[in-house]
Amino acid sequence: MVSVKHAVDRDAVLPPIDLLAEGMTQEEQVAIERALTLAREAYAERVLATGEEVWTHALGCALIVSSLRLDVDARIAALLFSIEESIEGARDRIEADFGLHVVKLVAGLRKLDGLRIHTHAHASEASASEIRAQTETLRKMLLAMVEDIRVVLLHLASRTQSLRHYADAPNEEKRHEAREAMDIYAPLANRLGVWQLKWELEDLSFRFLEPETYRRIAMMLDERRSGREEFIRKAIERLHDELAAVGIRAEIQGRPKHIYSIYNKMISKKINFSEVYDIRALRVLVDEVRDCYTVLGIVHQIWQPIHDEYDDYISRPKGNNYQSLHTAVLASDGRALEVQVRTHAMHRHAELGVAAHWRYKEGMGIGANEYDDKIALLRNLLSWRDEVAGSKQWVEQFQLASLGDTIYVLTPQGRVMDLPRGATPIDFAYRLHTDLGHRCRGAKVDGHLVPLNTRLENGKTVEIVAAKEGGPSRDWLDSRQAYVVSVHAKRKIRQYFAALDEAEVLARGRSTVMREMQRDGHVHINIEALASRLGFKDADLLYLAAARGELGPRALQSAMREMDAASGATEAEGDGKPEIVVSRSRAGSTSGKVMIVGMGDLLTSLSGCCKPAPPDAIKGFVTRGRGVSIHRVDCRDFRNLAEQHPERVTVAEWGERAYEKGQSTFSVDIVVQAMDRRGLLRDISELLLREKLNLTAVNTQSKRNVANMRFTLEVGGIAQLQRAIAQIREVKGVLEARRG
């Protein structure tokens, strides 16, 4: 935040102590003098990143805080805001010399100042609604991060002093600072009721954000200044005489004009500068509320009131308890004059708001009632809803935040996220995006790796370490381990596992249906047509019904027979096994799928252990009572059988029929290993469907977010199988795909 630039004259005269210690006791004045001396010695050769001397910034903040009439601790904290970067062991020294309350104020102010680099991010490229939401969340976070409202007032004073510096010293950062002040800090000062800071923040920010417009309005004010001042002087004299005649003591003053408020009126009411009523304005301060209405009557007797330009904020205060009478009248020259009437107490609240509350509390420290004071303050701040949406939902959310049920953390890009108190990095990941939550494997808080069940704190920057693929752990739902506390994250995790369970049920149902199709040789039947015949919208609903026992084998067989009958098909003959696994062939014949060399008419079957298909190298093994079993030569089971019974091994080769396109199909297995995710099984199944491959069985198991699957399907040959495997390898998340 700071660097050495040039020295400030150590012998420079200190500012008049009566400005910094106004309203303080003799003992408090001595403490401020000691803090002032310490700050000057510590800051003499240092400057802030903004280019402003640390000493100048501290002094300016302290003078602002003094004008707000904050207590001695706040004034000392403003002077010592950066002392810890200048003196070793500064915390202990501050506590010893000025007390623990000052230590806490300085620590709280440094914590808010640390948000400077983050709040810049809210103005990045985003929609207007997103920016409004972020600025609102930032304001709420500022309050949530502090335990003492004076810290927020100190922060506002610091921002005001920075903008004053920019007014005298050009700096590239001033537009960033001005935008933050306009969007975040001026509204915050407004709702806290610290009007003098609100107006100054707005005018200085407007000067940097819209320099041409600011200059034009300022020039129009200057051009009429002498005439306006003369008019105000005469108006004050006339009103003073009229009030004195009826015995009312009043303080009358010309009200200062704020350029940004003039600009806002011109824009909102679509009027020219000459039509702004309160360019000329008076403020009347009286002792009693009843005097306010008497003054109003006299004002309306002297000058003609303007219709619809009267507001009674005494009987109907604004949301932040602002009270005053506002009226506009036509003066003798035919031009408008605005008059505000209020009591001295109302004026103190209007100018200082919460700051006055702290200053005028009698004998109450910053102890047990601090939290109750903050609660009362935040309830008053419900008037913020006018700047956002004014919706009931927003008010309810803000009330929750006010009661400490919400924390605010930041992304590495500076975006502020609100989470329930006790939230963890996993809650944060799901708050950003569901997929990021699923893939969350680690987290960093302020750059340090932390466990996933770490409780996050206000103002921390959280970065998620995520895997490329994968899903959540079921352990995250274990309340004893406290991985997740937000309702949103818990719902997303449960939805993930519900979908995963449904995929497993789907696979089981598909296997059931395929088994029934194979049993009576109905493998040629179209699945979608079968589902439609049974009254299901699609094949998935058919599979789910079969898995849950809602659709029995008898109903399936009956529907398939009806479909065969309708298409003129005949049921397969033999022992009920499809042609893919059983065939007869003659020795030396080329009409069968497999030729057994040197043998007669034998029953042959393709073994289920290795599922051979042409052009695999094959051999036969003569079984007892089941003919010749055909194996791939690299089959492990075949090698074991051959070692035990070499005399029963026979030469075999594929017959011509095995290569006839569209005439023969072979059952093969594909083994797939992939990072588990929702929709994985569906994606692979749809791929096989597009390749017009008949899927007859699926077996899937998931462990530690890795899915191991075995697909049994029918192919016309190795080329079709290899093409299917190649395409499966391209599916998102697939680690390995090979023939089983």
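These legends walk through several close-up views of a predicted model. Residues are numbered from 1 along each chain as its sequence is written, and side-chain values use heavy atoms, with hydrogens and water left out. Because the model is predicted, local features need pLDDT of at least 70 and side-chain atom pairs count only at pLDDT 80 or more, while totals for chains, interfaces and linings use all residues.

**Figure 1. The whole protein, before zooming in.** There are 29 helices and 22 strands in the protein; helices (H or I, at least four residues) and strands (E, at least two) are DSSP runs, numbered from the N terminus. Of the 740 residues, 50% are buried, where buried means under 20% relative accessible area, exposed over 50%, and partly exposed in between (1.4 Å probe, protein chains only). Take the contacts (heavy atoms within 4.5 Å) between residues at least 6 apart in sequence: 68% of them join residues at least 24 apart.

**Figure 2. Helix 2 against helix 3.** Helix 2 (residues 26–43) packs on helix 3 (residues 54–67) with the axes 8 Å apart and an angle of about 155 degrees. That angle makes helix 2 roughly antiparallel to helix 3, since angles over 145 degrees count as roughly antiparallel, under 35 as roughly parallel, 65 to 115 as roughly perpendicular and the rest as oblique. Axes here are lines fitted to C-alpha atoms, for helices over the stretch in contact, and angles run from 0 to 180 degrees between N-to-C directions. From helix 2, Leu36, Ala39, Arg40 and Tyr43 meet Val54, Trp55, Ala58 and Leu59 of helix 3. Sorted by class, that contact has seven nonpolar, no polar and one charged residues. (Ala, Val, Leu, Ile, Met, Phe, Trp, Tyr, Cys and Pro count as nonpolar, Asp, Glu, Lys and Arg as charged, and the others, Gly among them, as polar.)

**Figure 3. Helix 9 crossing helix 11.** The axes of helix 9 (residues 149–168) and helix 11 (residues 195–209) come within 10 Å and cross at roughly 35 degrees. Residues of helix 9 at this contact include Leu156, Thr160 and Leu163, and those of helix 11 include Leu197, Leu201 and Phe208. The class tally for this contact is nine nonpolar, two polar and four charged residues.

**Figure 4. Inside the largest nonpolar core.** A nonpolar core is a set of buried Ala, Val, Leu, Ile, Met, Phe, Trp, Tyr and Cys residues joined through side-chain atoms within 4.5 Å. The largest one has 76 residues, and Ile32, Tyr43, Ile76, Ile83 and Leu156 touch the most other members. Setting aside neighbours within four places in sequence, Ile76 is in contact with Ala31, Ile32, Ala35, Phe98 and Val102. Another core, of 34 residues, lies apart from it, with Leu606, Ile630, Leu681 and Ile684 among its members.

Figure 5. Gly470 is found in the loop between strand 12 (462–466) and helix 23 (487–519), and Gly470 counts as buried because its relative accessibility is 8%. Beyond neighbours within four places in sequence, the contacts of Gly470 are His438, Arg439, Arg441, Tyr496, Met675 and Asp676. Asp435 is 35 residues from Gly470 in sequence and 9.2 Å away in space, C-alpha to C-alpha. Ala482 also has its place in the loop between strand 12 and helix 23, and counts as partly exposed at 35%. Phi of Ala482 is near 55 degrees, a positive value in a residue other than glycine.

**Figure 6. Asp308 in strand 5.** Asp308 lies in strand 5 (residues 304–312). Its relative accessible area is 63%, so Asp308 is exposed. Here phi is positive in a residue other than glycine, with Asp308 near 65 degrees.
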